[in-house]
Structures are given as structure tokens and as C-alpha cells.
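Please keep the sequence and the structure in view while reading.

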Amino acid sequence: MEMRKFFSNELEKYMIQNSNIVVLNADLAKPNGFQDLSIKYSDRVFNVGIAEQNMACMAAGMSSYGFIPFICSFTPFATRRICDQIAISICYANQNVKIIGTDPGLTAEYNGGTHMSVEDIGVLRSIPNIVIFEPVDNNQLKYALPEILKYNGPVYIRMLRKEAPDIINNSSDFNLFGSKIIKTGTDVTIFCSGIMTSEAIRAGEILESQNISTEIINIHTIKPIDKSTVIKSAQKTKAVITAENHNIIGGLYSAVCEVLSENCPVPVKSIGIKDTFGQVGKLDYLKSVYNMQADDIVKSVHEVLKLKK
Amino acid sequence: MDYTKKCLEIRRDILFEIGTLGVGHIGGSFSIVELLVVLYYKHMNINPQDPNMIARDRLIVSKGHSGPAVYAVLCDKKYFPKDWLSTLNKPGTNLPSHCDMNRTPGIDMTTGSLGQGFSCAVGIAKASKLKQDGAYIYTIIGDGESQEGQIWEAAMFASQHKLNNLIAFTDNNKLQLDNYTDEICSIEPIDKKWESFNWNVVRVKNGNNCEEIDKAIIKAKNFDNNLPTMIILDTIKGHGLSFVENSKVNNHSMNITPDMLESGLKELSEMLSTMEAK
């Protein structure tokens, strides 16, 4: 099932139990999968118009009244366009607003460079008091949602619209403030997020065939990052790769390096968008253009192993 | 309620707050004193003993730099002790220059980044409608703040969603930080702008007159339609104290020396004594 449909189905379950959950759209209810809910719950799921700044602050106001507002848009418009509104009215004011950004990074595909957020995590990660979560698949999202609702504070959910392959078999042990060890290994660690998790798993299979024992850890919550797991794995393997669908500046690479440079300085190589804008194209094409495929990860692993002491 | 006396006392406390520190947003604080007095002492359904009372009326001061004016009123209403007023902007204070709902009892929304508080107020008015609790939501924006595009995003939503529980005020004191508003980016004709956004509009010619403000609020509550109301208050920035008012374009944020504090407090006390003698 498409992630947008899956999410709105899951959210409805909680909306039935909790009348304080509301959803604000900025004229993207249809592409983001909220059209059915907006018909069914017209008073609680509404379109503010193409006005993201107003949407963010209205949500903050509604939160101050006891509501749990979800605000939804494409990733760049849910983040960089309204970063001051998120910083002041939501995070500084400590309001219980959940921000959904869809089509992150390369997954904006045919919407191209204008809609291809390479910076959303970086923008939000530098704002205090926000949790940043990027699900890998529907199953992980399913277990995350109740924790996100339980957490009283701002959360950014960086979400796909389209179908995501089922990758993580068991998410029942999900911890919003943890990470997911997908595979243990001893020679190198790949920290990965979002759509790059499947590339990391494929890379891991290639590396195993080359007798390189690979640990793969999904960092689903990039802020606050699961420091102890990151440090523990790096202490074991002493060589690290990060793989993310985002600019390597400000995203997962930065977050992992910030932790390791202070606690366990080991060589770290990055896979991701190398400080450039996006462009139109299908996902597979774009992954090849930006060197974000399993083979690119394998190549980086060989390079980082040369640096390993 | 003797509005004139109360306004003099509130101005005295604002001057004390800012003068004790030595600098602050005195001009835009003084221009809304009459409005705050009419709201807090007549119209607002609030309970200082229970600042978070459910279904209370709320005030969102979107021009958040007028915090010192709101603090003087909240203190007078006994939301917090009088000695807090000497802590404005000092280390660890609960009275920061811009309104902060997580620090100051009685502040309904954190504001300071202009344009945002108005949207928050629209969200709160929508929330109150969903809860059907009958609260009035008041909000104050500046004339300079009206240059923010976000104001007009929220304006469209409020009339579209028939938020007639929302009563907004424009503190039209004709000055913004750098210069006269008309010299930078005029907001006029501001009444026609709001009318064209499908709001009820009331213009108060003397926005520093409590009786006129009171009448405007009563009118707003009695409009026989579902629209939100904008009350445009033609005010004077720095109104009520000669050296502040006379500083005009320089009174947005002013240095207040100990001598100025002393002479200002004296001027306000004399006005109070003269009034009491009458």
C-alpha cells in the first residue's frame, strides 16, 4: 500500500479515539492522501489554502487549545519555507504540532529541483526542541505513530507518498528515540535512513560475498540521534558509512560525525546528495546521477576500510 | 472603573519596567495602554487565580514587543507579584521583552516574530469554535506588522471559516521601527483592505480613548453576521508621556536614563494627583 494511504488509514484509527487530532492541509490533501479523511471529518481535516506560514502558526494556536494538529505539505514547503514559524510558534513555544513532509529528496522525481528538498533535515535539525523521524516502511510507521502521538512536543515526519518496499520485518520493538539494528557485523558500519536503507541492505549482501562483515543500522530518528548505538557500533567496527536521501551537509552524515568526532573518531564516508540541487527524473535515474546506489555504497566501504586504523 | 486613572498607573508601571532596565520598546507599549485596560478590566472573561482556565477569553499580542505593557496590566490583575516588574529582560526573568507563554502567567501565546501571533490567534479562534466554548479571542497587530504577508493569509482563512469569535485590533500608530509607516510601505487604506478581505471593520478615530474603544468592542460583539472583526485604532506611538511621545520615530525602542525615569514618573504622578484632586 502507498505510504500516504497507509498513514491516513492509521491516523484515522487514532482520530476515532481522540477528537483532539486535527489535520491541516495547504492545498495538497489529495496528493498527500488526506482527501478521504477531509470528506469524512470535514471539521477536523481542513484545507487552509496555499498558505503554509499561516498553517504552521494556526496549528500552534490550536495546540495551545489542547488539539494535536498535523500539518502536511510537500517536504520543502513543510520545512524550509516555514522554518521561522516552526522555530518560534511551534518549537520555541513548545507546541504539540506534528509536521508531515512528503516526497523527500530524490523522491520528488518529476516535480524536480524546486520540490526536491535536500536541506529539510538540516534546516530543522538546527532548531532546538524538535524530533525528526523518517520511516523506512509502513510497518515502522505503524509502530511509530502511537509514540509520536504520545510524545508531547514538535515532531517532523519525513514521509514517502508512494509505496515503500517492506524492509524491516519486525518493528514491534520500535522505540522512537532509538535506532534499528538491521544486521550485525564487525568490519564496517553503514548508518542509513529512509529509501537508502534498501540500498544499504543490498550493499551489505555484496560486501558479505566479499567477506566484509557489515553492520547495518537504520537511523529512523535523526534527532535526537541514538548516540549510544552509534558510538557502540563505531567502537566495534572502527569504520563508518552514512547513506541518506539528503544533502550530506546537515543530514545524517553530519549528525553521525557530530557524535563520533567527540566520542569515537573513526573514518566516516558519506553517500548522499553532495551539496547540489536536485533535478527532474525517476528515482532510479536520480540515484545513479547522485551516486546513491548499492554499488556506490560498496565502493565507499572499500575506501573507508583503507582509512581504517 | 476610572479608565483614565488606571491608564496613568499602567503607564507609570511600564516606565518603571523599562526605566529600571534602561532601554525598551516604550513607544508601542504606550500606544496600546487604553486598549489593554478596556480589555482586561471590562471585556475579558479571565481568572488571574487560574491563568489556564478552560474557555477563558484569550489575548494574543502579535506585536510581541509590547510585552512590557501587557506585563504591567497582568501584574495589576495579580497574575504575578509586583516585584517582577523590576526584572524586565534581566537574567532569569519571567518578563522577557517579547511575550512568552511558557514564562509569564497570563500570556496566551508566544509572539515576537511579526505576523505569526495573528495566525496563532486565528488557529485559537478556530479551536474555540470546534470546542464550542463561546470564548472571545482578541489579538493585537501593529501597523508595521501589517506589512507581513502572513497577516493576509490568516485574514482570508478567518473570514472563510466565519470566525466571528475573533476580534482583532490594529495599533495604527503610524510609525514603525525605522520611520513613518507611510514613508516606508503605507498600509492605507487599511480599513478598505480589511473590508475587502471580508471582515467587519470598525475604525476608532481616537485609539487612545477608552470609551471609544469600549464602544467599538461592543459593536464588534453585536455584528449580525458571521465575520471576524478588525478594529483599527488610530493611536499615537508613545502616547501619554511627553518626552516619549515627542521622540516620535525614535521611540520604538528608547534608552531611558535614570533622570528620564525620575522626570517621567514625576510627570505621571502629577497627572494622577491633579486627576485625584478633581
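In which sense do β2(B) and strand β3 (residues 137-142) of chain B pair, and over how many bridges? The pairing of β2(B) with β3(B) is parallel and runs over four bridges.

## Basis of the report

The model is predicted: local features need pLDDT of at least 70, side-chain atom pairs count only at pLDDT 80 or more, and totals for chains, interfaces and linings use all residues. Residues are numbered from 1 along each chain as its sequence is written, chains are lettered from A and ligands numbered from 1 in the order in which they are written, and side-chain values use heavy atoms, with hydrogens and water left out.

Helices (H or I, at least four residues) and strands (E, at least two) are DSSP runs, numbered from the N terminus. Strands of a sheet pair through backbone hydrogen bonds, either parallel or antiparallel; here, two strands pair if DSSP finds at least two bridges between them. In chain B, five strands form an open sheet in the order β2-β3-β4-β6-β5, with parallel pairing. Each of the edge strands, β2 (58-61) and β5 (200-204) of chain B, has a single partner strand, so one side of each is left without a neighbour in the sheet. On average, neighbouring strands are turned by 20° against each other, direction ignored.

## The mixed sheet of chain A

Chain A holds an open sheet of five strands, ordered β7-β9-β8-β11-β12, and its pairing is mixed. At its edges are β7 (180-183) and β12 (268-273) of chain A, each of which pairs on one side only. The twist from one strand to the next averages 25°. Strand β11 (residues 240-247) of chain A pairs with β12(A) in the parallel sense over five bridges, and A:A243 is opposite A:I271 in β12(A).

Two helices of chain A pack on this sheet. Contact means heavy atoms within 4.5 Å, and angles run from 0 to 180 degrees between N-to-C directions, with axes fitted to C-alpha atoms, for helices over the stretch in contact. Helix α8 (residues 196-209) of chain A touches β7, β8 (188-192), β9 (214-218), β11 and β12 of chain A, and its direction makes about 170° with that of β9(A). Helix α12 (residues 294-307) of chain A touches β8, β11 and β12 of chain A, at about 155° to the direction of β12(A).

## Helix α1 of chain B and its partners

Two packed helices are described by the angle between their axes and the distance between the axes. Helix α1 (residues 3-21) of chain B packs against helix α11 (residues 258-277) of chain B at an angle of about 170°, with the axes 10 Å apart. That makes α1(B) roughly antiparallel (over 145 degrees) to α11(B). Residues in contact include B:L8 and B:F16 in α1(B), and B:L265 and B:L272 in α11(B).

The axes of α1(B) and helix α3 (residues 33-43) of chain B come within 10 Å and cross at roughly 115°. Among the residues that meet are B:C7 and B:I10 in α1(B), and B:V37 and B:Y41 in α3(B).

## Contact between the chains

The contact takes 26 residues from chain B and 26 residues from chain A. The area buried between the two chains (accessible area, 1.4 Å probe, lost on being put together, summed over both) is about 2,100 Å². Carbon and sulfur atoms give 58% of that area. In chain B, B:Q116, B:L130 and B:E153 lose the most area to chain A, together 24% of what that side buries.

Notes
Angles under 35 degrees count as roughly parallel, over 145 as roughly antiparallel, 65 to 115 as roughly perpendicular and the rest as oblique.
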